[in-house]
Amino acid sequence: MSGDDGGCERADEGVPGEEADGLEGEPCEGWPVSLAGVTESLVATRGPNGLWNVAALGLFAGEAVTARTWGNTRTQRNFHREGEGYVQFTRDPVAFADAALSIVEEAEPVIDATDAWARVRAERAGSGTDGGTRWVEWTLVPVEAAIERETVVPINRGFGAVIEATVAASRLDVPGYDETVLVDRLAHCVSVVDRTGGPRELEALSRVRRHSTWEPAAADEHDWL
């Protein structure tokens, strides 16, 4: 959850509706990949300057695929104004870290690191406030989709740790979150990436530090930070 200057749109506490695996029909019809639980993605939305803002977006799989935008972010404003965007799936942790924690604007909606994408219609489904931050829930309806590349992706714990690090870092300045808990979580992510990540995960974690207010303790300092 970040404010106007960040790119992270997360809501990972609970999943509305029943979980769907995306292989049995309606919940994920029209999507280029199977969706279950909360799937981390990137979304490109067109801003008033004509450029496409790329941010992180958590997708909830249920009777419909939904997502929440938190605060007065570019994604929220662009969804409201344009009513659509390009949801993208990538296995590049650097692209994910940049989109989640910094302002990324592109001339075209689909970025080079994307493996598959869906152009979606964003329909406002509700709104509320949590911890002093206003959220808007959107139903995302795919109207066009494509798979850019198919490959076997090996499991890497470091990639998951990078995602967790972006979540923790995006909440450091958000009221209602305990900064000590978040810093401890970031230190754990450092440990996991250091032990199990490859070069892209190491670079991604350095971007997390660069794009956020996180200052690792001396014991957590590494050359790649």
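Reader: In this predicted model, how far does helix 4 reach from its first C-alpha to its last?

Author: In the predicted model, helix 4 covers residues 179–196 and has 18 residues. At 1.5 Å a residue, a span of 26 Å is expected for helix 4. The reach computed from its first C-alpha to its last is close to that expectation, at 26 Å.

Reader: Which helices do the buried residues of helix 4 pack against?

Author: The buried residues of helix 4 are Leu182, Leu186, Cys189, Val190, Val192 and Val193. An α-helix has 3.6 residues a turn, so residues three or four places apart point the same way. The packing partners of the buried residues of helix 4 are helix 3 (157–170) and helix 5 (199–211).

Reader: Which residue caps the N-terminal end of helix 4?

Author: The cap is made through a side-chain oxygen that lies 2.9 Å from the backbone nitrogen of Thr180. A polar contact requires a pair of N or O atoms within 3.5 Å. The residue that supplies this oxygen, and so caps the N-terminal end of helix 4, is Asp178.

Reader: Are helix 2 and helix 3 roughly parallel or roughly antiparallel?

Author: Helix 2 (residues 93–101) and helix 3 pack with their axes 10 Å apart and at an angle of about 10 degrees. Because angles under 35 degrees count as roughly parallel, helix 2 and helix 3 are roughly parallel.

Reader: Which helices do the buried residues of helix 5 pack against?

Author: Helix 5 has 13 residues and reaches 18 Å from its first C-alpha to its last, close to the 18 Å expected. Its buried residues are Glu201, Ala204, Leu205, Ser206, Arg207, Val208 and Arg209. They pack against helix 2, helix 3 and helix 4.

Reader: Is Glu137 buried or exposed?

Author: Glu137 is in strand 8 (residues 133–147), and among the residues it touches are Thr66, Arg68, Glu123 and Arg124. Its relative accessible area is 17%, and because buried means under 20%, Glu137 counts as buried.

Reader: Which residue's side chain is joined to that of Glu84 by a polar contact of 3.0 Å?

Author: Glu84 lies in strand 5 (residues 84–90) and, at 22% relative accessibility, counts as partly exposed. The side chain joined to Glu84 by the 3.0 Å polar contact is that of Arg119.

Conventions
Residues numbered from 1 in each chain as written. Predicted model: local features only at pLDDT ≥ 70, side-chain atom pairs only at ≥ 80, totals over all residues. Heavy atoms only, no water. Helix = DSSP H or I, 4+ residues; strand = E, 2+ residues; numbered from the N terminus. Expected span 1.5 Å × (residues − 1). Buried < 20%, exposed > 50% of the residue type's maximum accessible area, 1.4 Å probe, protein only. Contact = heavy atoms within 4.5 Å. Polar contact = N/O pair within 3.5 Å; in protein donor to acceptor, adjacent residues only side chain to side chain. Axes fitted to C-alpha atoms, helices over the stretch in contact; angles between N-to-C directions. Parallel < 35°, antiparallel > 145°, perpendicular 65-115°, else oblique.
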